[in-house]
Amino acid sequence: MNGARVRIVVVGAGLIGRRHIDLVRAGTRCELAAIVDPAPAAGELAARLDVPWSPSLTDLLAEPLAERTGVIVATPNRLHVGHGLACIAAGVPVLVEKPLADSVADGVRLVEAAEAAAVPLLVGHHRRHSPLVESARRLVHDGTLGRLVAVQGSALFHKPDEYYDAAPWRREPGGGPLLINLVHEVDVMRAICGDVVAVQAMAASTIRGFPVEDTAAVSLLFANGAMGSFLLSDAAASPRSWEQTSREDPRYPTHPDEDCYLVAGTTGSVEVPTMRLRTYAGTRSWEEPFESTIVDVPRDDPLVRQLDHFCDVVLGAAAPLVSGRDALETLRVTQAIAEAARTGRLVELG
């Protein structure tokens, strides 16, 4: 591709949008082409950065974009599909932040439109780009752990009130930790352990009292017969979350002795992100000692790796690692969990 710099338009200048903006500006392969957001603060940000600003993606796309341009959609969940469809209609490769949509039906519309138009659609499940996830997936798939038996995970943290005050949509249907946070965890579990075929769940809003949940407990059945459990809360004072253990985002304090995942098979287990690997050297028995090692994994920022991958996607040098179709399956599982929590029933996925 002769070192061509990719032009990136960022739609949405909120929390994650500004993170994308910072990464694009720091990147060696790309440059910030424009910021799209109707908020006056976004216009002020664009002026400070000396880049074009548009309050509307429709207005920006009214004229054809330059070659080697991609769009990152980092708007509230309910706007993902509309902005994604606008990019697809304009023939522009697009990275849509997770979740793909706030309903499966809308997600299907977006995926089918991208496939019909042959426009690349990458979904921002950025942990798929994490060396930690890649390593854990490899240990499962190369048989190091034996046959997969169980996975146990947690995302326990306390979001300050300012998090919700800054973006009130987060406390309304379409927001909440199931769609904002658990969708990440479901995608990680699918990446490591395979497809999910059934779920059960309980959820509550006891602590915050919002129209959306603040805490949930989830059980999962995987297609390969393994079972999983996951505990989620954005109102719990605990360090056992990806953000606070993975050391992949410097904005969060780190607790390097903590894990948020345990993946266990018939011959061994690995804890993530410490990557403590325990396997039997001989007889498999709880009366026998394990051989314990630490799997050496670089702690690269997956958002940086995702941006580099998106540049390749825009240039036609790579297919999306997380396609719209793949992200749609993660959304199906996440919505099934919400249904299970609402009805108290086992929900099976086709």
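Over residues 134-270 the chain is 26% helix and 30% strand, and the end C-alpha atoms lie 13 Å apart. Helices (H or I, at least four residues) and strands (E, at least two) are DSSP runs, numbered from the N terminus. The UniProt annotation "domain: GFO/IDH/MocA-like oxidoreductase", from an unreviewed entry, covers these residues, 134-270; such annotations may be inferred rather than shown by experiment. The model is predicted: local features need pLDDT of at least 70, side-chain atom pairs count only at pLDDT 80 or more, and totals for chains, interfaces and linings use all residues. Residues are numbered from 1 along each chain as its sequence is written, and side-chain values use heavy atoms, with hydrogens and water left out.

An open sheet of 9 strands has mixed pairing and the order β14-β13-β12-β11-β7-β10-β9-β8-β15; two strands pair if DSSP finds at least two bridges between them. Because β14 (291-294) and β15 (347-348) stand at the edges with a single partner strand each, one side of each has no neighbour in the sheet. Within the sheet, β11 (residues 261-265) and β12 (residues 268-272) run antiparallel and are joined by 4 bridges. Tyr261 has Val272 of β12 as its bridge partner.

Helix α6 packs on this sheet, touching β7 (148-156), β11, β12 and β13 (276-279), and its direction makes about 170 degrees with that of β12. Contact means heavy atoms within 4.5 Å, and angles run from 0 to 180 degrees between N-to-C directions, with axes fitted to C-alpha atoms, for helices over the stretch in contact. Ser135 lies in α6 (residues 131-141). Ser135 counts as buried because its relative accessibility is 4%, the cut-off being under 20% relative accessible area (1.4 Å probe, protein chains only). Beyond neighbours within four places in sequence, Ser135 is in contact with Met275, Val295 and Val297. Helix α11 (residues 324-343) lies across β8 (196-204), β9 (215-222) and β15, at about 50 degrees to β8.

Helices α4 (residues 80-89) and α5 (residues 104-117) pack at an angle of about 10 degrees, with axes 10 Å apart. The two are therefore roughly parallel to each other, a term for angles under 35 degrees. Residues making the contact include Leu85 and Ile88 of α4 and Leu110 and Ala113 of α5.

How values were computed. Parallel < 35°, antiparallel > 145°, perpendicular 65-115°, else oblique. Buried < 20%, exposed > 50% of the residue type's maximum accessible area, 1.4 Å probe, protein only.
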